[in-house]
Number of protein chains: 2
Amino acid sequence: MSRVADPTSRISLLRAAEEVFAERGLIGAKVEEITRRAGMSKGSFYLHFESKEKAFEQVTESFLARIGAMMPKPGHDMPHEPRELLRVWLEQDSQLFDFLWQNRAIVHIILGCQGDHVYLLQAFFRAMQENSCGWVRFWKGRGLFGDEVDEQLAATLICGAYNELYKKMIAAPKKPEVEAWLRVAQGMVVRGFGTTKLIRAYDASVHGAHGDTT
Amino acid sequence: MSRVADPTSRISLLRAAEEVFAERGLIGAKVEEITRRAGMSKGSFYLHFESKEKAFEQVTESFLARIGAMMPKPGHDMPHEPRELLRVWLEQDSQLFDFLWQNRAIVHIILGCQGDHVYLLQAFFRAMQENSCGWVRFWKGRGLFGDEVDEQLAATLICGAYNELYKKMIAAPKKPEVEAWLRVAQGMVVRGFGTTKLIRAYDASVHGAHGDTT
DNA sequence: CGGGTTACTGACCCGCGGGTCAACAATAGG
DNA sequence: CCTATTGTTGACCCGCGGGTCAGTAACCCG
């Protein structure tokens with residue numbers, strides 16, 4: 001028999017790598033710094049990863065795979081009442097922003113990707129855009145967004161607005177109160193693209209009595 | 001007397017540098033590639049610039065200085081009629097997007113800044129945000145945006161939406177027809193934050209007869 | 001033409017950092 | 001304890017690319 005590998009080595013390295021990549025980006029991150037933070041030797045890095053780039057890709061791509069699942073999609077079980085829909089929308093936004101906050105280091109990394117790794121940034125934005133497109137289509141299907149609304153363009157504008165919000169969120173030292181932000185953003189989108197029916201539902205949700213649900 | 005310096009050397013180098021920085025970013029750009037494209041020797045680069053970084057800063061910072069001046073600001077001579085204001089707004093947006101298109105290489109460079117040069121990206125976005133804030137304040141002052149509208153937050157959302165538009169524009173091989181985009185964006189903002197008076201003016205401008213001005 | 005001055009060149013220098021691997025360390029079994 | 005096996009280490013290797021500068025080139029004037 002022989003020496004047993006430390007089962008936590010890889011995890012320590014991944015954690016340290018994520019931290020250093022977030023602080024410095026791929027180029028600025030040094031393998032020596034990563035291994036120093038993990039409390040290991042420089043050479044051991046290559047027992048776990050083929051190269052620095054490969055480690056970078058593992059950190060970022062696994063996150064991108066996860067965010068695909070995290071992205072709320074319109075389903076068959078969506079409520080029919082506009083006001084209830086708005087509540088669900090806000091709830092899902094809130095959860096997504098929580099997720100982005102919890103993974104703010106990786107999000108920060110991805111937002112800085114360029115060169116050979118610009119595909120990661122593009123994949124991230126594409127996921128956002130496509131999801132937003134799906135939602136615009138859904139709203140139109142429910143007759144709650146105007147027929148004349150161009151899906152792609154509306155999704156672009158909506159994504160842009162939300163992008164700016166989560167960028168501001170993750171740049172903050174402590175998680176800000178994003179609920180209010182998300183409500184204002186929802187208001188802009190509803191008024192900007194929604195039908196009278198949806199706008200009325202929104203207004204009622206803003207001025208109406210609070211929910212009695214558990 | 002002595003040998004006369006080539007007066008176009010510096011300009012050739014700056015042009016080549018801008019090109020290579022846009023394609024590769026700062027790190028990916030090699031001095032040897034820049035000088036090769038300028039048709040000069042590698043060493044001559046340092047006759048004009050202290051370092052690669054300094055050349056990078058010259059390219060980007062002079063653009064940022066210019067965009068400050070290019071950014072349309074609410075002035076004393078603004079029209080009073082909401083519909084005329086909307087027209088001026090669109091015109092200014094169009095001019096700004098033209099400017100961004102003409103300088104798309106540098107914009108692309110700046111959007112990719114990180115690390116030591118992240119201040120450039122931040123300065124760019126800050127200029128956009130502050131300008132947007134100024135406009136939100138102006139609209140509120142004219143009674144055309146709701147009193148309850150939070151300037152900072154509205155400016156953030158508006159900037160985000162417009163950011164996404166110019167990013168899409170500069171990523172295109174040929175300049176797209178952004179006029180339609182800008183009109184939709186304006187519509188979203190007006191409906192999202194404007195008063196009934198402004199919304200009516202917007203609707204009239206969309207459905208009304210076309211201008212007869214020269 | 002020769003001399004003096006400045007512009008330009010590209011071979012070279014050298015620090016940086018990703019990656020390697022021989023030597024050492026840790027572990028289990030006999 | 002010794003041996004075999006696998007894990008880990010960090011000194012070292014080496015390519016890359018920013019920057020240097022001695023040598024060469026260009027130019028003007030006497």
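Select Arg37(A) and Glu33(A). Their side chains meet in a salt bridge, 2.7 Å from N to O. The term means a side-chain nitrogen of Lys or Arg within 4 Å of a carboxyl oxygen of Asp or Glu. Both residues lie in helix H2 (residues 31-37) of chain A, four residues apart, about one turn of the helix. Helices here are DSSP runs of H or I with at least four residues, numbered from the N terminus.

Before moving on, note that this is a predicted model: local features need pLDDT of at least 70, side-chain atom pairs count only at pLDDT 80 or more, and totals for chains, interfaces and linings use all residues. Residues are numbered from 1 along each chain as its sequence is written, chains are lettered from A and ligands numbered from 1 in the order in which they are written, and side-chain values use heavy atoms, without hydrogens and water.

Is Glu33(A) buried or exposed? Glu33(A) counts as buried, at 19% relative accessibility. Arg37(A) is partly exposed at 27%. Buried means under 20% relative accessible area, exposed over 50%, and partly exposed in between (1.4 Å probe, protein chains only).

Next, select Glu151(A) and Arg137(A). Their salt bridge has its closest N and O atoms 3.2 Å apart. This pair links distant parts of the chain: Glu151(A) is in helix H8 (residues 151-171) of chain A and Arg137(A) in helix H7 of chain A, 14 residues apart. Arg137(A) is partly exposed, with a relative accessible area of 47%. The whole structure has 17 salt bridges over all chains.

Now for the rings. Over all chains there are 28 aromatic pairs. Rings of Phe, Tyr and Trp (its six-membered ring) pair if their centres lie within 6.5 Å; planes under 30 degrees apart are stacked, over 60 edge-to-face, and the rest tilted. Show Phe45(A) and Phe49(A). Their centres are 5.2 Å apart and their planes at 45°, so the pair is tilted. Then show Phe63(A) and Phe124(A). Here the centres are 6.4 Å apart and the planes at 40°, so this pair is tilted. Phe63(A) sits in helix H4 (residues 52-70) of chain A, and Phe124(A) in helix H7 (residues 118-141) of chain A, 61 residues apart. Both are buried.

Stay on Phe124(A). Its contacts (heavy atoms within 4.5 Å) include Leu64(A), Ile67(A) and Tyr166(A).

Last stop: Trp101(A). Arg104(A) lies over its face, 3.8 Å from the ring centre. The rule wants CZ of Arg or NZ of Lys within 6 Å of the ring centre and within 35 degrees of the ring normal.

Conventions. Helix = DSSP H or I, 4+ residues; strand = E, 2+ residues; numbered from the N terminus. Lists of a residue's contacts leave out its neighbours within four places in sequence.
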